[in-house]
Amino acid sequence: TGQDRILPARPASFARIPSWVSLNRTSSAKPPPTAQQGHVENLHLVSLSRQGKFEQVHEFIKSMDEAGVAVSPSTYKSLFEACGEMGLLSDGRSIRDRLKNPPGFLEDCALQMYCDCGSLSEARRLFDKMPERSSFAWGTMISAYAQSGVLDKAFQLFSLLIDSGVGPKISVYTSLLRSLMDSSRLEIGRQMHSHLIRTGSGSNASVGTAICNMYVKCGWLEGARIVFDQMAEKKVVAWTALMVGYTEANKQNDVLPLFMKMVEEGVELDEFAFSIVLKACAWLEDLRVGRQIHGYIVKLGLESEVSVGTPLVDLYVKCTCFESALLSFQKIDNPNDVSWSTLISGYSQSGRVEECLKTYKSLRVRDGSLNPFIYTSIFQACSMLADINSGAQAHADAIKRGLISPLYGESALITMYSKCGNMDYASRVFKSISEPDTIAWTAIIAGYAYHGIASEALRYFRKMQDSGARPNGVTLVAVLTACSHSSLITEAKGYLKSMNSEYGVAPTVDHFNCMIDVYSRAGLLQEAVELINSMNFEPDAMSWKCLLAGCWNHRNLELGRIASENLLRLNPDDTAGYILLFNLCGSHEKWEEAARIRKKMMEKKLRKEVSCSWITVKGKWNRFIVGDRHHPQTEEIYAKLKEIDFLDSNSGDRSQLTEEDASCILPERRQQLLEHSERLAIAFGLLSSPRNSPVLIFKNLRACRDCHDFAKHVSTVTEREIVIRDSSRFHHFKL
């Protein structure tokens with residue numbers, strides 16, 4: 001009945017709400033007012049608001065009005081808070097409209113609600129109508145402007161607050177300081193700092209931390225350090241703010257001493273501090289200090305935290321300690337997508353590309369944490385493996401999930417398809433990019449350059465210039481490489497000469513090496529020597545190797561000796577320096593000199609890398625080495641080779657071999673040419689792939705001239721397109 005007493009100590013039972021407040025009440029009689037009347041009703045109202053059921057809130061308020069039960073001020077406060085938290089501006093506005101001459105604290109609550117809902121215009125109208133503004137109202141309005149980036153109005157109000165004689169709360173200062181986030185705001189920040197010193201508020205720990213952080217964000221690290229050093233009480237956030245500043249300014253060398261000082265002063269270290277210092281160690285590749293910090297992390301029991309474990313993995317990956325990286329990863333309790341991305345990137349960078357793909361596939365099967373960076377790493381791994389099947393599958397999966405990183409991921413796709421021999425797909429990916437950046441332009445130019453299609457590479461370079469994108473050093477290397485593979489001597493000289501003036505790129509030794517290669521391939525060996533001697537840089541091993549290769553191709557023993565001597569002076573263990581000179585001596589019948597070279601190699605226990613070729617058929621890799629007889633179809637492969645044998649009297653000069661053919665100059669060894677790895681792979685490709693598809697072969701070393709001629713001959717007699725990608729470039733053979 002309406003006279004039932006409601007005990008506040010008992011749990012609210014909405015079934016016991018009096019009949020006179022029921023939506024279907026049968027009696028209009030109202031009880032006399034008591035101190036407890038409306039308590040349960042207000043509780044119910046607050047409960048509905050916290051559940052976001054504001055349609056029921058409005059209906060219940062209406063029922064309370066009809067029953068003569070007032071909504072309490074504390075309930076109004078809760079309703080405003082709920083509207084603000086949920087961004088329910090319309091509901092908050094309706095509740096505010098109910099209030100006539102509300103107390104000041106409720107006006108403050110309504111003001112906060114408008115700010116939380118992002119309606120600064122309504123908040124300002126309410127603020128301007130307030131007869132008396134509390135310090136809370138001033139702080140709320142100023143902070144809302146500051147957090148929304150409306151700094152002119154924030155500082156205008158701040159000036160009015162100062163003029164009114166009301167002392168700002170510390171939170172107002174910190175809010176304004178946090179809003180100053182770039183170098184253009186530095187002067188305002190300095191003025192704020194000066195004001196705080198004058199008012200004596202600068203010594204407050206929170207204010208000092210905010211000033212330090214402000215200077216960091218505005219790029220004035222010297223000022224940040226001065227403030228930091230003067231702080232009597234340094235919170236951990238002040239330490240980490242300065243460390244972040246040093247990291248973002250690429251001053252990682254300053255991060256480590258700061259961290260050591262934290263340890264010495266007994267500052268309580270958190271995960272964020274360890275994360276920053278580990279990133280600094282990774283950038284510096286400082287494994288020694290990194291291991292010491294790792295030991296401290298283990299001591300504190302933080303190794304399993306993802307925010308600490310992930311930078312640890314990255315540190316070991318950057319320092320090429322992959323086993324340690326893997327162990328650190330396994331310690332993480334709940335690896336996130338960044339953790340997995342770091343591990344997969346580590347697999348890729350350490351050359352463990354098969355494990356990289358295996359890890360990705362296991363993540364994909366269990367629908368694990370995938371992100372655009374993981375897919376970019378997968379595209380790069382497929383590039384290294386020249387695995388177009390896995391690459392295309394990953395590409396399709398990334399499209400399905402919407403996880404292709406704009407530009408970076410797309411550029412990696414261009415490189416992947418071009419390195420897998422499919423420039424058509426590479427071109428399609430490039431054309432799908434609405435506004436290619438320098439990396440994307442460089443990827444497509446390099447793709448055509450390494451396929452020996454100089455005309456397309458240079459056409460894209462001209463289009464790049466027309467688009468307004470600026471070429472970088474890597475772009476110019478690709479352009480010069482295109483010129484080198486197509487003997488475009490005049491064009492290469494022009495690009496090298498105009499690099500600085502026209503493109504704003506200072507030539508490096510890499511660009512000059514490209515030009516040396518252009519001259520050497522064209523047989524202009526004297527020009528190559530003159531360029532080496534006139535460079536502003538000391539020639540590196542690649543400079544002399546390019547010249548040596550040219551000397552071998554054009555049979556210049558005199559310059560070849562000079563090139564070999566200088567190459568081995570810079571890199572004594574480079575087998576090319578021995579093998580190419582050995583070949584040169586053999587071609588000039590300098591057998592004693594050749595024997596001395598071979599003896600020196602044996603004394604140094606140097607062996608040339610084993611030649612390996614592979615071909616993918618029906619998604620399966622098939623690898624071959626010289627004289628390989630382990631393949632299940634060995635008999636058919638060798639029968640096919642004999643069928644298309646090119647070793648006849650019209651096949652040309654058999655002495656024209658490259659570094660893998662040092663032993664094949666002697667007549668009794670020439671039969672081994674038939675068993676070269678790329679020939680075995682070609683024969684298998686002819687047997688196993690459809691006649692209308694190209695035979696795509698990959699090789700770890702540079703193809704010898706005989707095998708080059710062999711591929712050309714096979715393409716002619718079988719009317720099949722044959723593509724060989726060796727360590728230098730792609731070679732296309734078709735009618």
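Helix α3 (residues 73-86) and helix α5 (residues 104-116) pack against each other with an angle of about 10° between them and their axes 8 Å apart. That angle is under 35 degrees, which makes α3 roughly parallel to α5. The model is a predicted one. The points below are grouped by topic.

**Helices α3 and α5**

- On the α3 side, the contact is made by P73, Y76, K77, F80, C83 and G84, and on the α5 side by F105, L106, C109, A110, M113 and D116.
- By class, this contact of α3 with α5 has 9 nonpolar, 1 polar and 2 charged residues.

**Helices α27 and α28**

- Helix α27 (residues 473-485) packs with helix α28 (residues 489-503) at an angle of about 165°, and their axes lie 9 Å apart.
- Angles over 145 degrees count as roughly antiparallel, and α27 and α28 are therefore roughly antiparallel to each other.
- The crossing in which α27 passes α28 is right-handed.
- From α27, the residues L476, V479, L480 and C483 make the contact, together with E491, A492, Y495, L496, M499 and Y503 from α28.
- The residues of the contact of α27 with α28 divide into 9 nonpolar and 1 charged, with no polar residue.

**Helices α33 and α34**

- Helix α33 (residues 575-587) and helix α34 (residues 591-603) are packed at an angle of about 160°, with 8 Å between their axes.
- This angle makes α33 roughly antiparallel to α34.
- α33 passes α34 in a crossing that is left-handed.
- In α33, the residues Y578, I579, L581, F582, C585 and G586 meet W591, E593, A594, I597, R598, K600 and M601 in α34.
- Sorted by class, the contact of α33 with α34 consists of 9 nonpolar, 1 polar and 3 charged residues.

**The largest pocket**

- The volume of the largest pocket is about 890 Å³.
- Its lining is formed by 32 residues, and those nearest the centre of the pocket are M542, K545, R702, S727 and S728.
- Two or more residues of the lining come from each of the elements α27, α29 (509-521), α31 (541-553) and α33.
- Among the elements, α31 gives the most to the lining of the largest pocket, with 7 residues.
- The lining of the largest pocket divides into 10 nonpolar, 12 polar and 10 charged residues.

**The largest cavity**

- The count of cavities of 30 Å³ or more comes to 1.
- The largest cavity holds about 30 Å³ of space.
- The residues that line the largest cavity are F624, D628, R629, H630, H631, T634, I637 and Y638.
- Helix α35 (residues 634-643) gives the most to this lining, with 3 residues.
- The lining of the largest cavity has 3 nonpolar, 3 polar and 2 charged residues.

Conventions: Residues are numbered from 1 along each chain as its sequence is written. This is a predicted model: local features need pLDDT of at least 70, side-chain atom pairs count only at pLDDT 80 or more; totals for chains, interfaces and linings use all residues. Side-chain values use heavy atoms; hydrogens and water are left out. Axes are lines fitted to C-alpha atoms, for helices over the stretch in contact, and angles run from 0 to 180 degrees between N-to-C directions. Helices (H or I, at least four residues) and strands (E, at least two) are DSSP runs, numbered from the N terminus. Angles under 35 degrees count as roughly parallel, over 145 as roughly antiparallel, 65 to 115 as roughly perpendicular and the rest as oblique. A crossing is left-handed if the near helix is turned anticlockwise from the far one by less than a right angle, and right-handed if clockwise. Contact means heavy atoms within 4.5 Å. Ala, Val, Leu, Ile, Met, Phe, Trp, Tyr, Cys and Pro count as nonpolar, Asp, Glu, Lys and Arg as charged, and the others, Gly among them, as polar. On a 1 Å grid over the protein atoms alone, a cavity is a set of points where a 1.4 Å probe fits but cannot get out, and a pocket is an open set with protein on both sides within 12 Å along at least five of seven lines; lining residues have an atom within 4 Å of a point. Grid points are joined across faces, edges and corners, and a volume is the space filled by probe spheres set on the points.
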